[in-house]
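Hi everyone, thanks for coming. Let's take a look at this one together, and I'll walk you through a few spots.

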Amino acid sequence: GGGGAGANVRSSPFGAPGAVPPPGAAPPTAPFGGGVAPPPTGPGTLAPPPMGSMSSAPSFAHPPTTGAGIGAPPMGPPPTASNSAFTGSNTAPSYPAADPTMAAGVLQPGLQEQRGPDAYTAAKIDEVAQLNSPAHFVRCTVGRLPNSMSSKQKANVPLGIIIQPLAPIPPGGEKVQSVNFATNGATIIRCKACRTYINPFITWEANGRRWVCNSCGHSQQTQDMYYASLDESGKRVDRFQRPELCKGAVEYIAPGEYMVRPPQPPVFMFVIDVSYTAVVTGMLDCVVATIKEAIQQNKLPGGQRTQVGIITFDTALHFYNLNSNLPQPQMLVVSDLEDLFLPLPDDILVPVSESESAIMTLLDSLPTIFGDTTVSESCLGSAVKGAFLAMKHVGGKMLVCGACIPSVGDLSLKSTRDNPRLLGTDKEVELLRPGGNGFKDLGAELTRAQVTVEIFMAPQQYVDLASISPLAKFTAGDVRYYPQFHINTLGLKLRTELMHVLSRYMGWE
């Protein structure tokens with residue numbers, strides 16, 4: 001109805017000035033903070049929703065079953081910041097988020113935003129992964145290289161690369177493809193400045209007429225027999241037909257100019273300790289049984305061309321004539337260790353296919369021949385030099401099996417270097433350094449003759465392995481150590497590892 005000066009006037013919902021509510025009226029409860037009197041109630045008017053449920057969807061009061069008007073429900077408590085969509089007039093409004101997990105303004109744990117690389121970077125990373133060498137051939141000590149020297153120093157992690165070009169291919173791995181440039185009348189393509197082989201990461205210039213080395217940056221002309229045009233991305237159109245341009249690992253068929261001499265037959269020279277320690281611990285029996293198994297099961301590589309020689313030693317050297325025409329092998333003993341010589345120019349190294357019976361006879365007789373020995377010293381250094389005299393003309397693999405410290409002959413060592421009191425101190429490193437350069441110099445001489453040394457040491461006491469190990473280290477061999485060896489405890493380990501060395505995929509020269 002109308003109103004005069006004393007009539008109640010509705011105030012603005014946005015807090016505009018209005019008439020003062022009469023005494024006894026309900027406190028202002030307008031959602032926007034203005035001083036507002038409660039709306040009038042009467043027949044045909046809607047009741048306001050309960051204030052305690054402002055944050056939920058609005059609801060309407062049910063009309064009474066009797067009476068002409070609709071009464072207003074009881075007023076709820078004033079809204080609070082926790083259950084209301086709006087706050088008081090003196091604070092900024094905080095609207096509810098569409099996603100409940102975003103209510104606090106930050107992502108909940110496990111829902112952090114993950115920004116991946118852009119499309120170009122992702123494609124580049126995928127391309128590099130496909131073109132890189134497989135991890136079983138080349139593996140870095142870290143997954144991501146530091147971008148600065150300071151980062152490397154802070155990480156304090158050794159930075160290096162482990163390269164194993166003849167590693168076995170894991171199950172499901174891709175077979176290494178061969179590349180033979182001689183079939184196209186070209187030589188192996190390499191950088192003229194740094195000799196880097198052509199690879200998937202080089203860049204091309206002048207529509208493929210020139211290429212830039214990815215190692216040194218040298219630009220050079222492409223051979224006419226190797227030319228191909230480029231596509232719109234600057235890559236050769238035939239790159240997927242050439243393994244060297246799309247694979248991280250390939251096998252090059254080397255032409256004659258890469259060979260020092262014609263390919264030699266695979267040679268295995270066994271240098272076996274037959275001292276008292278080697279016999280009583282069962283090392284001699286274990287080694288002999290493994291060699292016999294490898295020969296009988298044709299596990300040695302090389303087929304008909306494979307050659308084998310056997311030398312035993314204690315305080316003297318024992319060479320064996322394995323000529324197939326002899327009824328049984330002949331033993332030739334060299335006890336003068338100061339002036340070594342080869343007692344037999346031929347028939348120390350013999351083809352397995354021709355002299356297998358003689359080799360088997362000798363292997364069967366070795367445990368019997370030295371079964372009652374009482375010699376407890378060895379001349380390992382002289383034995384290696386004697387074996388070198390027998391195989392230096394052809395090269396090959398020398399397998400040295402020792403059981404005690406070499407105390408006589410050339411390159412003899414002393415057990416007095418063992419000093420347990422230095423263990424756990426700053427001077428412990430002295431025990432890990434060679435006592436001299438004798439074995440290192442011998443290893444360098446063996447390398448020039450294409451001889452590699454594999455060492456199997458199965459001692460009961462100190463053997464100064466730090467001084468012996470350079471013999472294998474500088475000839476691309478390995479050292480396998482079996483402390484406190486006995487055939488019942490470590491025999492299987494020695495036999496398995498020796499068989500692996502004899503039968504694995506290996507390179508020659």
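Where is Thr 373 found? Thr 373 sits in the loop between α6 (352-369) and α7 (380-391), with helices (H or I, at least four residues) and strands (E, at least two) taken as DSSP runs, numbered from the N terminus.

A quick note: this is a predicted model, where local features need pLDDT of at least 70, side-chain atom pairs count only at pLDDT 80 or more, and totals for chains, interfaces and linings use all residues. Residues are numbered from 1 along each chain as its sequence is written, and side-chain values use heavy atoms, leaving out hydrogens and water.

Back to Thr 373: its relative accessibility is 14%, so Thr 373 counts as buried (under 20% relative accessible area; exposed is over 50%, partly exposed in between, with a 1.4 Å probe and protein chains only). Leaving aside neighbours within four places in sequence, Thr 373 is in contact with Val 274, Ser 275, Tyr 276 and Val 279, where contact means heavy atoms within 4.5 Å.

Now for the nonpolar cores, meaning sets of buried Ala, Val, Leu, Ile, Met, Phe, Trp, Tyr and Cys residues joined through side-chain atoms within 4.5 Å. The largest has 40 residues, and Phe 270, Met 283, Ile 310 and Ile 359 have the most contacts inside it. Elements supplying at least two residues each include β8 (267-273), β9 (307-313) and α6. The most comes from α5, which gives eight residues. Apart from this core lies another, of 38 residues, among them Val 334 and Leu 471.
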